[in-house]
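This report looks at how neighbouring pieces of a protein chain are arranged against one another. Please keep the structure in view while reading.

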Amino acid sequence: MFRPLSLYVGLRYTAAKRRNHFISFISLTSMIGLMLGVAVLIIVLSVMNGFDRELKQRILGMVPHATIQANGVLQDWEDVDRQVEQHPSVIAAAPYIQGQGMVTGGGDVRGVMLNGILPEQERSVSIIENHMIEGGLDDLKSGEFGIIIGKLMASALRLQIGDKVTVVLPEATVTPAGVLPRLKRFTVKGVFSVGAELDGNYTLIHMDDASKLMRTGGKAEGVRLLVDDLFQAPNVAREVATELSGRHYISDWTRTHGNLFQAIRMEKTMIGLLLMFIVAVAAFNIVSTLVMVVTDKTADIAILRTMGATPGRIMRIFIVQGAVIGITGTIVGTALGVLGAYNISGFIAWLEAFMGHQFLSADVYFISYLPSQLQWQDVWIISGAGLALSLLATIYPAWRASRVDPAEALRYE
């Protein structure tokens, strides 16, 4: 039966029990190190991909992809809304009035972003309807001064549906009694939770009520856009603005939340690079393993040379042996990494429940749980890099084995 000599001998050397148990131990640790490096790299990059996905789906599902405003209020927002929706890249548009203020309730005060909306149009540009845990957008009625708040705010101010809160604007009103802040009592109509920092400072009120509170004369402050491609939002906003008559100002998510998105992208790149060094260290441990194997097998190499084995064949024998270590470590590490990436979110949630401690708080981080999204492109790149590094690490020991002088090696045998 024909067997390639280099492959056959290389596999025999890998599977054989060595006289030197230290070499076997180093081989095992090299394989385990490569396996853990590959697995950890896949899991960490999947978590970074998860943060990237949550940023786009949750944060950017709540805040505008792009906005169009005028100098002051938008007098003809209905016409602007219709013209904007005719653009092929715009999925939907909705008017809004936005302002900053404070909400007092339950004896506490919290700074908030007030968003005046039309409920029937807001659900076409926002994901908030899918994250309501109490109440709904339809509960915001014109003239009733209802307000929808986030779960974190409801917990901090100890508020429930039907409770009264006072909204205070950072503007003064001159009255016969003196200069007083502008304030209004609102009724809590709903509570939402998107698992992000918006749960603590984002509120919704009806646009008619916002117009009365902020004195816009029944006009919208601007129109927010939902576009089909997030990364084209700045270009789409500019194209839409040039098609409108009059002077308009545009903004997009890259100005309000772009720094967070860029930070995640940079962190993913840097963490991936650093963890790749761990894989490289584990792969190059194969060098020390094979060097010791070559030293241990010097007599065997000399005998093979005297039997006619060429230096190239000797070199391939030890490349096979190192490749078995690298391939096994990479394949097992890839399998563990993929399995870990699919289950890391559930495991962390279980660990938080078991320990009674939340690792990610929405008050500090922009989401309150550990997301994970496995991208097979990352898996192939990491696996390929692990295999390439492990094969590269076999070249020097194999070359050194091919240079063994049979006469010198067998002199004292």
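Helix H11 passes helix H13 in a right-handed crossing. The model is a predicted one, and in it H11, residues 311–355, packs against H13, residues 395–402, at an angle of about 145°, with the two axes 8 Å apart. On the side of H11, the residues that meet H13 are Pro-311, Ile-314, Met-315, Phe-318 and Ile-319, while H13 contributes Ile-395, Ala-398, Trp-399, Ala-401 and Ser-402.

Where on H13 do the buried residues lie? The buried residues are Pro-397, Ala-398, Ala-401 and Ser-402. Seen down the axis of H13, these buried residues fall within an arc of 140°, so they line one face of the helix. As background, an α-helix has 3.6 residues a turn, so residues three or four places apart point the same way.

| Strand pair | Direction | Bridges |
|---|---|---|
| S2 (residues 90–105) and S3 (residues 108–117) | antiparallel | 10 bridges |
| S3 and S8 (residues 202–206) | parallel | five bridges |

Within the antiparallel pair, Gln-100 has Met-113 in S3 as its bridge partner. S2 and S3 form a hairpin in which two residues lie between the strands, and Gly-106 in the turn has a positive phi of about 65°. In the parallel pair, Gly-116 has Ile-205 in S8 as its bridge partner.

Conventions
Residues are numbered from 1 along each chain as its sequence is written. This is a predicted model: local features need pLDDT of at least 70, side-chain atom pairs count only at pLDDT 80 or more; totals for chains, interfaces and linings use all residues. Side-chain values use heavy atoms; hydrogens and water are left out. Two strands pair if DSSP finds at least two bridges between them. Helices (H or I, at least four residues) and strands (E, at least two) are DSSP runs, numbered from the N terminus. Axes are lines fitted to C-alpha atoms, for helices over the stretch in contact, and angles run from 0 to 180 degrees between N-to-C directions. A crossing is left-handed if the near helix is turned anticlockwise from the far one by less than a right angle, and right-handed if clockwise. Contact means heavy atoms within 4.5 Å. Buried means under 20% relative accessible area, exposed over 50%, partly exposed in between (1.4 Å probe, protein chains only). The arc is that of the directions from the helix axis to the C-beta atoms.
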